[in-house]
Amino acid sequence: MSDAVQPTAAEVRAAAEAVKTALDRHLAAVERRSGEDDPAVYDAFNQLAAAAEVYDELLYDRYDEVTPFEIPGADDALPPYKGPEEPNALSVLIRRDYTVVEPQRLMAQAQRVEAADDEGAEVSGSVHGALGILFGEFEPDEIASRHKEFGLEEGDSTLWVTAADESAEPGEWLETPFEGVDPQSVVCRFDVSAVFDDELDDVEETDEDLEDELDPDLDEDEDEDEDEDDLEPLDVDR
C-alpha cells in the first residue's frame, strides 16, 4: 500500500481509543444487564466488535501488525431472543448439504429398494431418480448416519429451533416452508462445518510448532529411541 493511502499514526491512535471506549461501554452494559438476552449488551458487543475490526485494519495498514485477539462479528451471532418466554409451539428447521461422490453406489442402493418393492417404478437409472427413491424410503437422520453407504459426502449442516405462541395451521407454510423465519424467535441453533475442523487443525499445528520451538532436541531424542527399537536383541546363546 502506498504512503498516500496509508492511515496516519493519529488515525491508528484514535481507533485504539475507540476500542477502549467501546470496551468500557460493553463492561458497563454487562454490569447493568437486565436479563440473559439484554439488547443493550448485544448492541455494546456489536460496537466493540466493529471498533476492534477498524483498529485491526488500520494497525495492519500502517504498521503491518495485527491484534492478538479476534472478536466475532455481529453476523456470527444470533440477535437477542424476543420470542415467547413459554412457547406453545416449536418449529425445527434443518439443512444438510451432501456431495454425490459415488453415483453408481447411489443408484445401486436405490435399485435394491426398487427390487424389494414389486410395484415400484424403475426410476433408479438416474441420479435424481435414485435420490428420490432413497430419501423417500429412509428418514433424513438415517441418511445422515449412513451417507457413505449411499455414495454421499457430508457438507455443512445447521439446525434451528424456533418458538411461537401458536402452531401453524395445517398446510399454512407448505408452499414456502423456509421463508419468513424471524431470527429473534430462534431459541438455539447448531452448526456443523469443515471450517471448524480447519480452525482446530490450525490451532493444533500452532501448538506443535510451539512445542518444537520449546524443545528442539525432542525430535532428536525420538529418533534415537526409534533407532534403539530397530536394533535386534542379542542372542545370549551365541
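**Burial, exposure and charge pairs**

Author: Gln 109 lies in helix 3, which spans residues 103–116 (helices, H or I of at least four residues, and strands, E of at least two, are DSSP runs numbered from the N terminus). This is a predicted model, in which local features need pLDDT of at least 70 and side-chain atom pairs count only at pLDDT 80 or more, while totals for chains, interfaces and linings use all residues. Residues are numbered from 1 along each chain as its sequence is written, and side-chain values use heavy atoms, with hydrogens and water left out.

Gln 109 counts as buried because its relative accessibility is 15% (buried means under 20% relative accessible area, exposed over 50%, and partly exposed in between, with a 1.4 Å probe and protein chains only). Leaving out residues up to four places away in sequence, Gln 109 touches Leu 134, Glu 149 and Phe 150, where contact means heavy atoms within 4.5 Å. Ala 44, in helix 2 (residues 39–63), is also buried, with a relative accessible area of 6%. Apart from residues up to four places away in sequence, Ala 44 touches Arg 25, His 26 and Ala 29, and its C-alpha atom is separated by 8.3 Å from that of Leu 23, 21 residues away along the chain.

Asp 64, in the loop between helix 2 and strand 1 (89–100), counts as exposed because its relative accessibility is 53%, and its phi is positive, about 60°, although Asp 64 is not a glycine. Asp 38, in the loop between helix 1 (9–31) and helix 2, is buried yet has no salt bridge, the nearest side chain of opposite charge being that of Arg 33, 5.9 Å away (Lys and Arg count as positive and Asp and Glu as negative, with His and the chain ends not counted). Beyond its neighbours within four places in sequence, Asp 38 is in contact with Arg 32 and Arg 33.

Side chains of opposite charge can pair when their charged atoms come close. The structure holds seven salt bridges, each being a side-chain nitrogen of Lys or Arg within 4 Å of a carboxyl oxygen of Asp or Glu. One of them joins Lys 20 to Glu 17 at 3.3 Å, N to O; because these residues are three apart in helix 1, about one helical turn separates them. Lys 20 is partly exposed at a relative accessible area of 44%, and Glu 17 is partly exposed at 36%.

Arg 96 and Asp 141 form another salt bridge, with their closest N and O atoms 2.8 Å apart. That pair links distant parts of the chain, since Arg 96 belongs to strand 1 and Asp 141 to helix 5 (residues 140–145), 45 residues apart. Arg 96 counts as partly exposed at 31% relative accessibility, whereas Asp 141, at 52%, counts as exposed.

Arg 105 forms a salt bridge with Glu 102, the closest N and O atoms lying 3.4 Å apart. Both partners are partly exposed, Arg 105 with a relative accessible area of 38% and Glu 102 with a relative accessibility of 35%.
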